[in-house]
Amino acid sequence: MKLSPRLAVLLAATAVVTAACAPQTSDNSSSGKDEKSGTLRVWLFQEVNNKPKEQLVDQVLAGFEKSHEGTKVSVEYIPVEARAQRIKAAFNDPKSAPDVIEYGNTDTAGYVKDGGLADVTEEFGAWDEAKDTDPTARQSVTVDGKVYGAPYFVGIRALYYRTDVFEELNLRPPTSLDELTSTAKTIRAAKPDLYGIAVGGAYTYGAMPFIWANGGELATGKGGSYASAIDSAAAQKGIKAYTSLFGDDNCPAAKCAGMGGNDTVTAFASGKAAMAIGGDFSHQAVEAGAVKGKYAVVPLPGVKPGSIAPAFAGGNNIGVLKSTSHRTLAVDLMKRLASKEAQGELFDAMGFLPTFTDVRQGVAAKEPFVKPFVDTLASGTRFVPASAAWATIDSSLVLPTMFQEVVSGKKSVGAAAEGAAGKMNDAFGSAG
């Protein structure tokens with residue numbers, strides 16, 4: 001998920017947490033039961049402001065219970081930070097496990113490897129609404145051609161910029177990555193108290209578009225067998241483009257190398273940066289900040305003028321645990337929670353983008369701020385390797401460490417990328 005002692009402490013803490021949370025090897029299998037009544041347990045993620053989500057979910061559950069006589073649903077909202085330990089522990093103890101869970105879309109492959117998620121390929125294929133699921137969202141629930149859940153919402157990033165600063169300096173929103181860099185440095189030169197664009201050495205998902213836009217890939221392969229491609233010539237070009245934004249002429253490395261995504265959005269919202277790469281999910285935070293009424297959003301540009309850089313399609317899914325003794329009921333509840341109606345209401349309540357293309361177009365027409373994010377999705381997005389190794393790569397800070405080695409001057413782009421590739425391949429190898 002350096003230049004300062006803070007990073008060293010973070011790395012050490014991560015290593016300890018990763019080791020402490022590693023689950024025992026599980027031997028999960030289907031319960032062999034498919035009871036048509038009783039109590040279903042559901043685990044959903046707790047949001048910062050969870051009340052609107054609770055109200056929406058309660059409506060879905062009321063309809064579900066009315067349709068299935070003798071059935072009740074018990075919901076527990078769990079902290080996102082505790083998901084790895086809670087969910088993997090549930091895989092190892094079916095008696096205490098929920099029937100249905102919300103999970104992060106980068107966790108799919110790992111949970112499938114752990115044997116925790118039920119294969120719902122047949123039911124998903126027969127679900128009429130599924131045909132309108134966007135391809136990247138479908139990919140996020142798919143491992144080796146089999147489907148292990150239903151997409152719940154998608155998160156995408158674009159470029160926030162200060163309209164007042166751009167007007168004062170007679171600038172236009174950048175239309176290419178080169179123009180983004182030059183614009184950022186022009187702003188910094190004119191206004192030394194501002195970052196031209198806030199960037200973070202620990203902002204993995206903000207850096208990935210630079211790699212993809214330059215033709216690079218994180219890894220190559222499929223079917224659970226991957227090899228790192230982060231040290232390819234194209235990927236190195238993207239790494240160089242991103243790390244060139246760290247320096248006194250834009251975002252000083254001493255301050256920005258340790259920043260993550262939330263830090264960059266906070267810098268923008270508080271008025272300390274003229275640009276930042278933020279998500280649709282960052283909108284409320286920016287609206288609550290000092291720049292309210294003085295900003296706009298456009299897609300992050302690509303290498304070619306007028307193009308859009310491929311963005312990471314984040315988000316969450318709803319899945320059924322393999323150990324459930326209520327499979328038919330659990331699958332029906334999964335579909336109801338992730339339905340078009342529920343996703344539309346989730347957007348209205350929480351601002352989370354729907355995974356159905358038709359529903360998403362509808363909310364974009366209703367809320368103008370959504371358009372740059374929808375345009376980014378429509379132009380093509382990317383996803384992380386569908387490997388259980390990704391959780392290790394991400395939690396071990398492999399890519400942030402690579403970026404920080406470059407911006408600190410400790411390693412060249414080539415040496416840092418080679419080191420990261422080695423760590424990634426070790427993780428892919430261990431994942432099998």
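Predicted model: local features only at pLDDT ≥ 70, side-chain atom pairs only at ≥ 80, totals over all residues.
On to rings with rings. How many aromatic pairs does the structure hold? The count is 18. The one I'd like to show you is Phe312 with Phe383, a stacked pair with 5.8 Å centre to centre and 10° between the planes. This pair links distant parts of the chain, 71 residues apart. Phe312 belongs to strand E12, residues 311-312, while Phe383 is in the loop between strand E14 (381-382) and helix H18 (389-395). Buried or exposed, these two? Phe312 comes out at a relative accessible area of 5%, so with a cut-off of under 20% it's buried. Phe383 is at 13%, so that one is buried too.

Now, strand E7, residues 157-162. Why do we call this strand largely enclosed by the rest of the structure? Because six of its six residues are buried.

And what does E7 pair with? There's E10, residues 275-279, antiparallel to E7 and joined to it by five bridges. In that pairing, Tyr161 stands opposite Met275. Then there's E11, residues 295-298, also running antiparallel to E7, with four bridges between them. Here Tyr160 has Val297 as its bridge partner.

Tyr160 is part of one aromatic cluster with Phe268, Tyr295 and Phe373.

Terms used. Residues numbered from 1 in each chain as written. Heavy atoms only, no water. Buried < 20%, exposed > 50% of the residue type's maximum accessible area, 1.4 Å probe, protein only. Helix = DSSP H or I, 4+ residues; strand = E, 2+ residues; numbered from the N terminus. Pairing = 2+ DSSP bridges. Phe/Tyr/Trp six-rings, centres within 6.5 Å; stacked < 30°, edge-to-face > 60°.
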